[in-house]
Amino acid sequence: MFSRVSDRYDLLNRLMSLGRDGAWRRAMWSGVPGDARTVLDLCTGSGASLPGLRKAGRLVLGVDVSGPMLEIAAAGESQRGWAPRLVCADAFHLPLPDGSIDAVTIAFGMRNLRPRERALAEIARVLRPGGRLLVLEAAAPRPGPLAPLHAFYLRSVIPFLGRLSPDPAAYEYLSRSIFEFGAGEEFERDLAQAGFSISERRGFMLGATRLWAAERRGGRLGPPREATRSLQPATLGELPRGEMRSLSPVGSTEWRWWNGVQLLLSAALLVALGLALRVYSRLGGGLPLAPWQRLSLHFLLWAGVIGFAVRTVVLWLRLRDAPPRR
Ligand SMILES: C[S@@+](CC[C@H](N)C(=O)[O-])C[C@H]1O[C@@H](n2cnc3c(N)ncnc32)[C@H](O)[C@@H]1O
């Protein structure tokens with residue numbers, strides 16, 4: 001199924017997350033310990049979660065069961081001049097030695113791995129004791145005032161947007177599988193049973209997407225030991241200086257200020273346009289305007305109000321997320 005939808009997978013991801021999936025991945029990357037020397041991105045798909053894992057001296061593995069998805073990942077990474085190891089393999093039978101991985105990331109993949117207990121057991125096997133697991137996943141609505149809106153989005157909007165895909169049925173599956181995954185409580189129980197201790201939980205877009213960080217129990221949380229002989233970190237060739245600099249996090253204070261200013265401006269414009277619309281509705285009939293001018297003005301005011309309302313919400317949600325890494 002994923003091989004069939006691989007062509008437009010990234011585009012639909014962007015649309016369905018309202019352009020926020022990049023920020024969620026950055027939050028996941030920021031949870032990977034800086035000293036992790038072997039990192040596995042499980043269910044890597046088209047490789048969207050790989051770039052932020054790049055670090056000098058670190059071995060990054062992208063594993064997926066779909067060849068066409070991995071081909072897209074390989075094409076994308078070769079353009080960046082970086083070569084993570086991409087492996088076509090089943091998450092239930094990872095071709096990796098026990099305890100050989102320092103951190104595992106999995107974005108929007110956990111939901112597809114069933115039975116979940118077996119998938120978590122396999123992840124626990126390859127993760128060293130004390131190693132970290134980061135799971136980013138779309139979750140079902142939790143009870144609350146926004147639950148009906150969230151359920152409507154999952155049941156109607158996602159399958160509707162899925163019509164842009166070569167296989168619309170895959171997006172009906174997506175919607176169904178999010179409900180089957182649940183709101184997270186059951187997943188947290190499975191994590192605990194598989195030997196993980198949850199250290200962090202975050203929610204994005206009012207809980208529609210969630211991030212869990214968990215450590216594999218059974219070992220100290222110290223620095224990773226040397227990579228096993230069977231998993232050697234890739235030697236880092238000469239990286240252009242710019243490349244090295246691009247790994248540093250953006251100054252988070254400046255980022256918050258800049259987004260805060262944009263948010264204020266957007267909210268101010270929204271209020272101004274809302275007032276203008278109100279005044280125009282009251283006085284518009286008396287203004288000396290041709291019918292087409294009246295119609296255009298009406299349309300422009302409404303478009304402005306809707307546009308700035310959406311922008312204000314998007315900026316507000318962005319401010320709640322982690323600052324990006326360059
Ligand atoms: C929703 S996509 C997520 C891709 C990517 N992580 C992202 O964030 O865009 C789920 C991926 O899981 C992969 N997958 C499903 N079952 C798998 C399995 N048993 N072993 C490895 N990969 C699997 C699919 O091929 C697909 O690429």
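Two residues are in contact here if their C-beta atoms, placed from the backbone, lie within 7 Å. The legends below describe close-up views of a predicted model.

**View 1. Ala194 and its contacts across the chain.** Ala194 lies in the loop between H8 and strand S6, the strand that covers 196–204. Leaving aside neighbours within four places in sequence, Ala194 is in contact with Glu117, Leu120, Ala121 and Ala124. The C-alpha atoms of Ala194 and Ile123 are 9.2 Å apart in space, while the two residues are 71 residues apart in sequence. Is Ala194 buried or exposed? Ala194 is buried, because 21 other C-beta atoms lie within 10 Å, and the cut-off for a buried residue is 20 or more.

**View 2. The packing of helix H5 with helix H8.** Helix H5 spans residues 116–126 and helix H8 spans residues 185–193, and the two pack at an angle of about 45° with their axes 9 Å apart. H5 and H8 are therefore oblique to each other, and H5 passes H8 in a right-handed crossing. On the H5 side the meeting residues are Arg116, Glu117 and Leu120, and on the H8 side they are Asp190, Leu191 and Gln193. By residue class, this contact of H5 with H8 consists of two nonpolar, one polar and three charged residues.

View 3. Arg114 and Pro115 are joined by a cis peptide bond, for which omega is about 0°. Pro115 is found in the loop that runs between strand S4 (101–107) and H5.

**View 4. The packing of helix H6 with helix H7.** Helix H6, made of residues 147–161, and helix H7, made of residues 168–181, pack at an angle of about 150°, and their axes are 8 Å apart. That angle makes H6 roughly antiparallel to H7, since the cut-off for this description is an angle over 145 degrees. H6 passes H7 in a right-handed crossing. The contact is made on the H6 side by Leu154, Arg155, Ile158, Pro159 and Leu161, and on the H7 side by Tyr171, Glu172, Leu174, Ser175, Ile178 and Phe179. How many residues in the contact of H6 with H7 are nonpolar, how many polar and how many charged? The contact of H6 with H7 holds eight nonpolar residues, one polar residue and two charged residues.

**View 5. Positive phi at Leu18.** Leu18 is not a glycine, although its phi is positive, at about 55°. The residue is found in the loop between helix H2, which covers 9–16, and helix H3, which covers 21–30. Leu18 counts as partly exposed, because it has 14 C-beta neighbours inside 10 Å.

**View 6. Positive phi at Cys43.** Cys43 is a residue other than glycine, and its phi is positive, with a value near 55°. The loop that holds Cys43 lies between strand S1 (38–42) and strand S2 (59–64). Cys43 has 23 C-beta neighbours inside 10 Å and therefore counts as buried.

View 7. The unreviewed UniProt entry carries the annotation "transmembrane region" for residues 257–277 and 297–317. In the model, residues 257–277 are 100% helix and 0% strand, and the end C-alpha atoms of this span lie 30 Å apart. Residues 297–317 are likewise 100% helix and 0% strand, with the end C-alpha atoms 30 Å apart. Leu300 is found in helix H11, which comprises residues 291–320; with 13 other C-beta atoms within 10 Å, Leu300 is partly exposed. Between Leu300 and Leu273 the C-alpha to C-alpha distance is 9.6 Å, although 27 residues separate them in sequence.

**View 8. Arg256 beside Leu319.** Arg256 has its place in helix H10, which comprises residues 252–283. Arg256 is partly exposed, because 13 other C-beta atoms lie within 10 Å. Arg256 and Leu319 are 63 residues apart in sequence, and their C-alpha atoms are 6.6 Å apart in space.

**View 9. The chain as a whole, for context.** The chain contains 11 helices and seven strands. Of its 326 residues, 30% are buried. Among contacts between residues at least 6 apart in sequence, 74% join residues that are at least 24 apart.

How values were computed
Residues are numbered from 1 along each chain as its sequence is written. This is a predicted model: local features need pLDDT of at least 70, side-chain atom pairs count only at pLDDT 80 or more; totals for chains, interfaces and linings use all residues. Axes are lines fitted to C-alpha atoms, for helices over the stretch in contact, and angles run from 0 to 180 degrees between N-to-C directions. Helices (H or I, at least four residues) and strands (E, at least two) are DSSP runs, numbered from the N terminus. Angles under 35 degrees count as roughly parallel, over 145 as roughly antiparallel, 65 to 115 as roughly perpendicular and the rest as oblique. A crossing is left-handed if the near helix is turned anticlockwise from the far one by less than a right angle, and right-handed if clockwise. Ala, Val, Leu, Ile, Met, Phe, Trp, Tyr, Cys and Pro count as nonpolar, Asp, Glu, Lys and Arg as charged, and the others, Gly among them, as polar. UniProt positions are given in the numbering used here, feature names are shortened, and annotations may be inferred rather than shown by experiment. A residue is buried if 20 or more other C-beta atoms lie within 10 Å of its own, exposed if 12 or fewer, and partly exposed in between; C-beta atoms are placed from the backbone.
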